[in-house]
Amino acid sequence: QVQLVESGGNLVQPGESLRLSCTSSGSISKFYVMGWYRQAPGKQRELVAAISSGGTNYLDSVKGRFTISRNVTKNMVFLQMNSLKGEDTAVYYCNARSTTMNAWGQGTQVTVSS
């Protein structure tokens with residue numbers, strides 16, 4: 001089972017930026033999709049952004065502000081978050097899926113507050 005470790009979460013003010021990183025213990029080339037999810041208190045976990053060989057897709061509320069990317073050589077996936085808003089506050093989780101695996105990281109807290 002692959003291990004996913006997120007990093008980069010922090011407390012920031014509205015309008016600021018953060019870059020989340022997800023490091024896989026194994027090759028990410030075997031995953032057909034990797035994504036970032038988030039879960040705010042009292043809410044369901046939601047897909048924020050995903051990346052696959054077919055491209056990328058985003059939650060409507062983050063389009064134009066967030067960018068997902070990956071570095072296959074380093075086995076890493078990133079989420080660049082710009083123009084952060086209070087409603088972006090959540091725990092962000094990295095996810096990776098293959099035909100035989102659905103792996104999650106432990107999450108990293110992002111708090112946007114003035």
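Here, buried means under 20% relative accessible area, exposed over 50%, and partly exposed in between (1.4 Å probe, protein chains only). You are looking at a predicted model, in which local features need pLDDT of at least 70, side-chain atom pairs count only at pLDDT 80 or more, and totals for chains, interfaces and linings use all residues. Residues are numbered from 1 along each chain as its sequence is written, and side-chain values use heavy atoms, leaving out hydrogens and water.

Start by selecting Arg38 and Asp88: both are buried. They form a salt bridge (a side-chain nitrogen of Lys or Arg within 4 Å of a carboxyl oxygen of Asp or Glu), with the closest N and O atoms 3.0 Å apart. Arg38 lies in strand E4 and Asp88 in the loop between E8 and E9, so the pair ties together parts that are 50 residues apart in sequence. Strands are DSSP runs of at least two residues, numbered from the N terminus.

Shared partners join Arg38, Glu46, Arg65 and Asp88 into one network.

Finally, select Tyr92 and show its contacts (heavy atoms within 4.5 Å). Not counting residues up to four places away in sequence, Tyr92 touches residues including Trp36, Arg38, Phe66 and Met81.

Technical notes:
Helix = DSSP H or I, 4+ residues; strand = E, 2+ residues; numbered from the N terminus.
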